[in-house]
Amino acid sequence: MDGHLHFFPTGFPDETLHSLISRYARLCGFRCSQAAFAGMKSAPAFSQNVALPSRLADLADVLPNGTELSIAELIEHHTLLPYYAPFLSRSQLDQARTSMAGDGRALMLTVGVNASRIGFASRVRCCAECIAQDQSEWGVAYWHRVHLLPGVLVCPYHGTLLRILDHRWSSRNSRYLNLPSDDSVQTHTVSLDIQSRYLLALKDIALRSQQVLESGVSALPACAVRYALVQGAAKLGLASETDRLHLQLLAKHIGESFAAFPSEWEFRVLGESREDMPAEWVIKLLRKPRASHHPLKFILLASAL
């Protein structure tokens, strides 16, 4: 592909990069990344509907002159890295940004996705009410970042259960540029089958996750995060003044907290524990939160404490 793109649309609030690129392609009359970015071998890396796209420097290089979408702007406003940023060290965050601008090497390892099974339980999701609202307000439906966050099963705006996209169909059509209102997408999405008694707790997690995504906070000191969590445990009588955990009481409390969530999707992965011992990830976060841990673990533990 030679030179710059002739135009590029302005991003909508909370819009994913895949959505933004899909809207650009539609305006050009294209439906796949190969056609929209002819000659760019790196196009699949930044155009697929994933949380953390890569090769963003290649995309930034061809954006029209005067476009305010720098690599930093693309990452901050159209990817999920801001969701992970508070729980990464400064060096990890810098490495993740460099990786997203480049070939994406070791990206999932850096942000802690490879260290957990949460990412494999997550799926692309959308909200039927957001689709209708976006079409009315903006003239087109688009993919929202918050709906793609792990553990977000209800829409934080409407409190309704999301629809889930068949990952097998999505994988087979990964190079196609889709929007949530497309007939092909709607044909391959189904509503989540979750009992209404779980909705209140799920909306709380959705709102907390949205707050993390939009906070603009990055690289919180691990010791400060641990201190806040342990203080919460101590106030509930689950830890001593010297930070010694009362494991049996903690296990019971966490178990009761998880009873408010369905034993499906990401919650099935994180809810595994023995009767007299909290899940290993709970103990790690309260004792020694080193390396990388998935944000959903911090969000759920903070909610419980």
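Which residue lies over the face of Phe12, and at what distance from the ring centre? The residue is Arg23, placed at 3.9 Å from the ring centre of Phe12, where a charge counts as sitting over a ring if NZ of Lys or CZ of Arg is within 6 Å of the ring centre and within 35 degrees of the ring normal.

Before I go on, a word on what we are looking at. This is a predicted model, in which local features need pLDDT of at least 70 and side-chain atom pairs count only at pLDDT 80 or more, while totals for chains, interfaces and linings use all residues. Residues are numbered from 1 along each chain as its sequence is written, and side-chain values use heavy atoms, with hydrogens and water left out.

Let me stay with Phe12 and turn to its aromatic partners. The structure holds eleven aromatic pairs, a pair being two rings of Phe, Tyr or Trp (for Trp, its six-membered ring) whose centres lie within 6.5 Å, with planes under 30 degrees apart counted as stacked, over 60 as edge-to-face and the rest as tilted. In one of these pairs, the rings of Phe12 and Trp138 have centres 4.7 Å apart and planes at 35°, so the pair is classed as tilted. This pair links distant parts of the chain, since Phe12 belongs to the segment before helix H1 (17–28) and Trp138 to helix H10 (residues 128–138), 126 residues apart; helices (H or I, at least four residues) and strands (E, at least two) are DSSP runs, numbered from the N terminus. Phe12 counts as buried, at 13% relative accessibility, whereas Trp138 is partly exposed, with a relative accessible area of 36%; here buried means under 20% relative accessible area, exposed means over 50%, and partly exposed lies in between, with a 1.4 Å probe and protein chains only.

Phe12 also pairs with Tyr142, their ring centres being 5.0 Å apart and their planes at 40°, so this pair is tilted. Because Phe12 lies in the segment before H1 and Tyr142 in the loop between H10 and strand S2 (163–165), the pair ties together parts that are 130 residues apart in sequence. Both Phe12 and Tyr142 are buried.

Elsewhere, ring pairs link Phe7, Phe8, Tyr24, Phe37 and Phe46 into a cluster, and the charged end of Arg125 sits over the ring of Trp265, 5.7 Å from its centre.

Still in the segment before H1, we find Asp14, which is buried, with a relative accessible area of 9%, and whose phi is near 65°, a positive value in a residue other than glycine. Ala106 likewise has a positive phi, near 60°, without being glycine; Ala106 is placed in the loop between helix H7 (90–101) and helix H8 (107–111), and is partly exposed, with a relative accessible area of 37%.

Within helix H1 itself, I would point to His18. His18 is buried, at a relative accessible area of 4%, and its side chain reaches the backbone oxygen of Ser47 at 2.5 Å. Leaving aside neighbours within four places in sequence, the residues in contact with His18 (heavy atoms within 4.5 Å) are Ser47, Gln48, Asn49, Trp143, Tyr176, Leu177 and Asn178.

Now to H10, the helix that holds Trp138. Which residues of H10 are buried? They are Cys130, Ile131 and Asp134, and they cover an arc of only 105° around the axis, which puts them on the same side of H10; the arc is that of the directions from the helix axis to the C-beta atoms. What covers the buried residues of H10 includes strand S1 (125–126) and helix H12 (183–187). After H10 comes Gly139, whose phi is positive, near 90°.

S1 brings us to the sheet, an open one of three strands in the order S1-S2-S3 with antiparallel pairing, where two strands pair if DSSP finds at least two bridges between them. The edge strands are S1 and strand S3 (189–191), each of which pairs on one side only. S2 and S3 pair in the antiparallel sense over three bridges, and Ile164 stands opposite Val190 in S3.

Finally, a look at the loop between helix H15 (247–258) and helix H16 (265–270), where Ser263 lies.

How values were computed:
Polar contact = N/O pair within 3.5 Å; in protein donor to acceptor, adjacent residues only side chain to side chain.
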